[in-house]
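This briefing is meant to be read alongside the sequence and the coordinates.

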Amino acid sequence: MSAPVFDYLRRYRFKKVVLCNDTEIGLRAVIAIHSTALGPATGGLRMWTYPSEEAAIMDALRLARGMTYKYAAAGVNLGGGKAVIIGDPRKDKSEALLRAMGRMIDQLGGEYITGEDVGTTLEDMETVYSETDHVVTLPEHAGGAGDISPATALGSIQAMRACAERAWGTPELGGKRVALQGLGVVGSKALGMLVEAGAEVIVADIDEEKVEKALQEFQVKAVDPEDIYAQEVDIFAPYALGAVINDDTIPRLKAKIVAGAANNILAEERHGDELERRGIVYAVDFVANSGGTVFDTDRYRKGGFQPERAMANVRRIFERIEEIFAIADRDRIPYYGAAERLAEERIEAMNKVRLLGRPDTAHY
Ligand code: NAD
């Protein structure tokens, strides 16, 4: 492992990183545990063809840290973690591989709880679950909340509405032009919600089948993936992968709002400053995309999983984003900094509670 990884661990106070290998099965994976201050480190299991091993490790680290902040800001008593399997989910995924990963997770004894993510499905989680209890996203028949992507999509649209209110004084999305990047499980549902709200949507995906499906289903326009940034739109909505707001893309943006469900939207924090400088309202990713998390962790609340209560809390993402704007205005800091402050204030408060005695994290 090269120096930048350890620099990153020190700088952001990581608890640990586990490198997993199973030569026979061909498993190469990373489990990053950022923090367990509020509860077990929790976050999805991603499978992706990374350009290098270091890229995979850095992705796991960035995503794990995002999870700590996401749970803290969303008011959920869990810590931040993330796992990635290096490989092509369409070619390299097998029952043996997923079960080997499940055993790796089980060896951590509950310090890390996994879930579905880019490149893995709920069915994959059931396979992982056959080797370890430490799985949060599961199908309904296995005791889970089922598909969380509608909740993630709804939460991100609520975040977009809060941004619209800040930018234009009204949360209405009717008539707004939106450039939507990524038509995966979340992006496709967000598309349906945007069309229903009366927005004019332009879509892009590297998967032509998904673009074709969107064109057949809705009255939308499609552009090449590289052209999505420069569209004449009011809102840029990232629903694909991270680091899409960077030196290369910011000068191309014409939108007044950046809001979507992708994780780690900013390549670096300074890109958040640059959005601010250009007067672009940004729905901080880890709060904007916390809907699925708020929804499926409801089963740890008193009385077990209650879908209506869970969805009501997902809708409150609107207020969470407003809270971020209020902190940003109060402390004169960028939005991403305000969201982190919101999360840090909560972790700090919980640590104070811990001084008085460990809180019961079974119900919150
Ligand atoms: P997904 O794999 O179903 O969808 C991602 C889509 O992006 C795919 O259709 C893929 O072809 C497309 N894509 C990849 N690179 C692209 C590019 N350069 N340009 C255009 N499209 C591209 O994943 P998902 O579950 O819909 O998640 C989307 C994003 O939201 C991810 O960043 C994920 O981490 C985040 N997220 C998802 C959830 C959830 O509930 N699934 C929750 C929180 C955050």
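**Hairpin, sheet, domains and pocket**

In the hairpin formed by β1 and β2, where four residues lie between the strands, glycine 26 adopts a positive phi near 85°. The model is a predicted one, and the values that follow are computed from it. The domain assignment of the protein chain divides it into domain 1 (14–58 + 80–141) and domain 2 (149–291 + 318–342).

**The hairpin strands**

- Strand β1 (residues 16–22) and strand β2 (residues 27–35) run antiparallel and are joined by seven bridges.
- One of the residue pairings across these strands involves lysine 16, whose bridge partner in β2 is isoleucine 33.
- Strands of a sheet pair through backbone hydrogen bonds, in either the parallel or the antiparallel sense.

- Strand β11 (residues 257–258) pairs with β12 in the parallel sense over two bridges, and valine 258 has tyrosine 282 as its bridge partner in β12.

**Domain arrangement**

- Both domains are made of two segments of the chain, with domain 1 given as 14–58 + 80–141 and domain 2 as 149–291 + 318–342.
- The C-alpha centres of domain 1 and domain 2 are 27 Å apart.

**The second largest pocket**

- The second largest pocket holds about 470 Å³ of space, and of the 23 residues that line it, Tyr8, Arg65, Asn264, Leu266 and Glu269 are the closest to its centre.
- At least two lining residues come from each of the helices α1 (3–11), α2 (53–74), α8 (269–277), α9 (285–288) and α13 (335–356).
- Which helix gives the most to the lining of the second largest pocket? That helix is α2, with six residues.
- Sorted by class, the lining of the second largest pocket consists of 12 nonpolar, three polar and eight charged residues.

Key: Residues numbered from 1 in each chain as written. Predicted model: local features only at pLDDT ≥ 70, side-chain atom pairs only at ≥ 80, totals over all residues. Heavy atoms only, no water. Domains from an automatic or database assignment. 1 Å grid on protein atoms, 1.4 Å probe; cavity = no way out; pocket = protein on both sides within 12 Å on 5 of 7 lines; lining within 4 Å. Points joined across faces, edges and corners; volume = space filled by probe spheres on them. Nonpolar A, V, L, I, M, F, W, Y, C, P; charged D, E, K, R; others polar. Pairing = 2+ DSSP bridges.
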